[in-house]
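Here's a quick briefing to read with the model open beside you. Take it one topic at a time and find each residue as you go.

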Amino acid sequence: MKLRLVTVPKLVQRLFPERIWALPNKDNKIYLTFDDGPIPEVTPWVLDTLKEYNAKATFFCIGDNVKKHPEIFQRIISEGHQVGNHTFNHLNGWKTSTQSYIENVSLFETELQAQNSRHSYLVPRTSLFRPPYGKITSKQASLLQQQGYKIVMWSVLSYDYDASVSEDQCFQNVAQNLKPGSIVVFHDSLKAQKNLRYVLPKVLEYYKKMDYNFKKL
């Protein structure tokens, strides 16, 4: 049976205390995050759904997708959500040289600057970075932190991208583990959209009734 770690073991969090796993607070705040977009097939629907529930979120975008779909990226920003760097080409840090990895992260920022020059809106440099697959070496992480990046991990992984996880199990992964300050990972990707379209409205509805607020990082 495949092992799925929905929550991150405390030992792992203690090994990497400089990375952000959750945001401690006593208020009923939840931090939804979406990885791998923006893409036209899924991201606009996510934005529509968030707007319906007056929820804010953080989108860890792939630079190449930002380049391909600037109008959707613009919508993320104009609707008051946060954006983060997810590398330009969704690189696995464990399989990529440090130099190539850092350069790919920089390519994302170069694309943001290009967006500013081509369009009439200002896209600020983001200090938030999430490594694709959660895989990054200590050297890569250290260099990015020296550049001012905050490395954002997660406290709850929905597994929406896993085709072997049912829609209801995906919902349970989230609902059974969320607590104030949790950072939750969803994906606005083709692979995840079947589960996401089922789970996201249910999560928003369920926790709104419990007086939780959905905030950006």
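Asn65 is buried, with a relative accessible area of 12%; buried means under 20% relative accessible area, exposed means over 50%, and partly exposed is in between, using a 1.4 Å probe and protein chains only. Keep in mind that this is a predicted model, where local features need pLDDT of at least 70 and side-chain atom pairs count only at pLDDT 80 or more, while totals for chains, interfaces and linings use all residues. Residues are numbered from 1 along each chain as its sequence is written, and side-chain values use heavy atoms, leaving out hydrogens and water.

**Asn65 and its surroundings**
- You'll find Asn65 in helix α3, residues 63-68 (helices are DSSP runs of H or I with at least four residues, strands are runs of E with at least two, and both are numbered from the N terminus).
- A polar atom of the Asn65 side chain sits 2.7 Å from the backbone oxygen of Asp36.
- Skipping residues up to four places away in sequence, Asn65 touches Asp36, Gly37, Pro38 and Ile39 (contact means heavy atoms within 4.5 Å).

**Gln140, another buried side chain**
- Gln140 belongs to helix α6, residues 138-146, and is buried with a relative accessible area of 0%.
- The Gln140 side chain has a polar atom 3.1 Å from the backbone oxygen of Thr96, and a polar atom 3.0 Å from the backbone nitrogen of Thr137.
- Neighbours within four places in sequence aside, Gln140 is in contact with Gly93, Thr96, Ser97, Thr98, Tyr101 and Ile102.

**The largest nonpolar core**
- This core has 60 residues, and Leu32, Phe34 and Phe186 touch the most other members (a nonpolar core is a set of buried Ala, Val, Leu, Ile, Met, Phe, Trp, Tyr and Cys residues joined through side-chain atoms within 4.5 Å).
- Helix α8, residues 193-209, supplies the largest share of this core, at six residues.
- Among the contacts of Phe34, leaving aside neighbours within four places in sequence, are Val46, Leu50, Phe186, Leu196 and Leu200.

**How α2 and α8 pack**
- Helix α2, residues 43-52, packs against α8 at about 15 degrees, with axes 10 Å apart (axes are lines fitted to C-alpha atoms, for helices over the stretch in contact, and angles run from 0 to 180 degrees between N-to-C directions).
- That makes α2 roughly parallel to α8 (angles under 35 degrees count as roughly parallel, over 145 as roughly antiparallel, 65 to 115 as roughly perpendicular, and the rest as oblique).
- On the α2 side, the contact uses Trp45, Val46, Thr49 and Leu50, and on the α8 side Leu196, Arg197, Leu200, Pro201 and Leu204.

Methods:
A polar contact is a pair of N or O atoms within 3.5 Å; within protein, one must be able to donate a hydrogen and the other to accept it, and residues adjacent in sequence count only if both atoms are side-chain atoms.
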